[in-house]
Amino acid sequence: MLHQVFEVGSLLQPNGQVPPPQPLHMVQASAPGKCILFGEHAVVYGQPAVAVAIDQRMTVSLEISDVWRIDGMRFSPERHPHVESLKQRLWANGPSLSIKVNGDIPPASGLGSSAALSVAASAALRCARGRQIKDDDWGEGWTAARPNAVYTGPWDVEQGDSVQTGKDSVDVDECAILSHAVEASAQGGRASPLDSSTCSHGGCIVLSDKVESDLNWIYSRTLNDVSWEVHAVDLPKEIEDVWLVIGNTGIHAPTSEQVAKVARLLENEPGRMREIETIGIISRRGIAALKEGNMEGVGRAMSENHLLLRSIGVSCSELESLISAAAPSSLGVKLTGAGGGGCMIALTRNPKETSEAIELAGGRTLISKIAAHGLIVDSDDNSPLWNPFE
């Protein structure tokens, strides 16, 4: 731990009282979870998909420690592969850290908990180390133009070079790139940038196989010869009177297993790719309805999407039970995320009624507005914790 040294007498204030504890040498960042409105699984094969950030978040705080710890326990790379991967990219040769993770996003539930963790952790690590600036540009870091390799360097600090610190060193796109990289590693090389982009940027994110002229294009992503164009969507005011009610089955269903399951299905039955393509068609219809503020149309597209997800085998009886319970009071219902358990979502104007119906059917519920804020650096008062450029 970092310590300040005082003379004994200096610990007392003039009134004889012990002063309040000094602030910890800590940085903290948070990122939202996400719900997929349309296109899960199909997005891995280049089809469009839509996700929105939700109110539930993951928070990561870091402080210097005598040994690597996470939530008070000795850090295990095998148990925390996302954090280990980020550690290798952003904190190689750095001092030991104590990492604390807090949040209200259920794990392995299709709500982007791992991507939110990765985004928040990458922001906290970058904030904790700063960024070298050379000739008024980044001396090191990841950008959309160079997503797969750190810049050459670091260089020896020369006159005119500097180090950005705190919030100024954090870049939302860099956090999205790093999160996508570690998600892909954890999922056997198959991962779309949907979760990472949504948890970084917040709001509403659309992935497509082409640049959509009527959407706000942000950047391109490529992985294993599959390319996506990432867009942001300005949502109309009509979304203000609808909510997402999230119903959790309580069944943990790792994304990697469900993605592999669909891959095996398509390998054994190539004709089933037509269902993947149809999900893409439904996603485009849903995007159009979303932009128009036609929430009934959005709901219909969600329900149609679910029927196809059920057809390719990624639903389960527990999800179907919650979906059936929510349908009468909702505009649209579907599973969200990889499936096999995890969560379903309902688009509704009656969140209390819909939530009660889901809970009566055995689910646990969360309620969120659509399109929450993205990545936030919550505390950078004591950054950087380590300067690797000295």
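This briefing covers helix packing, strand pairing and sheet layout in the structure above.

The model is predicted: local features need pLDDT of at least 70, side-chain atom pairs count only at pLDDT 80 or more, and totals for chains, interfaces and linings use all residues. Residues are numbered from 1 along each chain as its sequence is written, and side-chain values use heavy atoms, with hydrogens and water left out. Helices (H or I, at least four residues) and strands (E, at least two) are DSSP runs, numbered from the N terminus.

- Helix 1 spans residues 81-90 and is mostly covered, with seven of its ten residues buried. Buried means under 20% relative accessible area, exposed over 50%, and partly exposed in between (1.4 Å probe, protein chains only).
- The buried residues of helix 1 are H82, V83, E84, S85, L86, K87 and L90.
- These buried residues pack against strand 3 (69-70), strand 5 (97-103), helix 2 and helix 3. Contact here means heavy atoms within 4.5 Å.

**Helix 1 against helix 3**

- Helix 1 and helix 3 pack at an angle of about 130°, and their axes are 9 Å apart. Axes are lines fitted to C-alpha atoms, for helices over the stretch in contact, and angles run from 0 to 180 degrees between N-to-C directions.
- Helix 1 and helix 3 are therefore oblique to each other. Angles under 35 degrees count as roughly parallel, over 145 as roughly antiparallel, 65 to 115 as roughly perpendicular and the rest as oblique.
- The crossing of helix 1 and helix 3 is right-handed. A crossing is left-handed if the near helix is turned anticlockwise from the far one by less than a right angle, and right-handed if clockwise.
- Helix 1 contributes H82, S85, L86, R89 and L90 to the contact, while helix 3 contributes L178, A181, V182, E183 and A186.
- By class, the contact of helix 1 with helix 3 has six nonpolar, two polar and two charged residues. Ala, Val, Leu, Ile, Met, Phe, Trp, Tyr, Cys and Pro count as nonpolar, Asp, Glu, Lys and Arg as charged, and the others, Gly among them, as polar.

**Helix 2 against helix 3**

- Helix 2 (residues 113-129) and helix 3 (residues 172-186) pack at about 130°, with axes 9 Å apart. That makes helix 2 oblique to helix 3.
- Helix 2 passes helix 3 in a right-handed crossing.
- On the helix 2 side, S114, A115, S118, V119, S122, A123 and R126 make the contact; they meet E174, C175, L178, S179, V182 and E183 of helix 3.
- Six nonpolar, four polar and three charged residues make up the contact of helix 2 with helix 3.

- Strand 9 (residues 204-208) pairs with strand 11 (residues 226-232) in the antiparallel sense over four bridges. Two strands pair if DSSP finds at least two bridges between them.
- L207 has V230 of strand 11 as its bridge partner.
- Strand 10 (residues 216-223) also pairs with strand 11 in the antiparallel sense, over seven bridges. L223 is bridged to V226 in strand 11.
- Two residues lie between the strands in the hairpin of strand 10 and strand 11, where N224 takes a positive phi near 50°.

- An open sheet of three strands has the order 7-6-8, with antiparallel pairing.
- Strand 7 (137-138) and strand 8 (162-164) stand at the edges, each with a single partner strand, so one side of each is left without a neighbour in the sheet.
- Strand 6 (residues 131-134) is joined to strand 8 by three bridges, and the two run antiparallel. R131 stands opposite Q164 in strand 8.

- Another open sheet has four strands in the order 13-14-12-15, with antiparallel pairing.
- Strand 13 (332-336) and strand 15 (364-368) are the edge strands, and each pairs on one side only.
- Neighbouring strands of this sheet are turned by 25° against each other on average, direction ignored.
- Strand 12 (residues 243-248) and strand 15 pair in the antiparallel sense over five bridges. L244 has S368 of strand 15 as its bridge partner.
- Helix 9 (residues 351-360) packs on the sheet and touches strand 12, strand 14 and strand 15; its direction makes about 10° with that of strand 12.
- Helix 7 (residues 295-311) lies across strand 13 and strand 14 (343-348), running at about 45° to strand 13.

**E292**

- E292 lies in helix 6 (residues 273-292). At 57% relative accessibility, E292 counts as exposed.
- The C-alpha atoms of E292 and P236 are separated by 7.2 Å, with the residues 56 apart along the chain.
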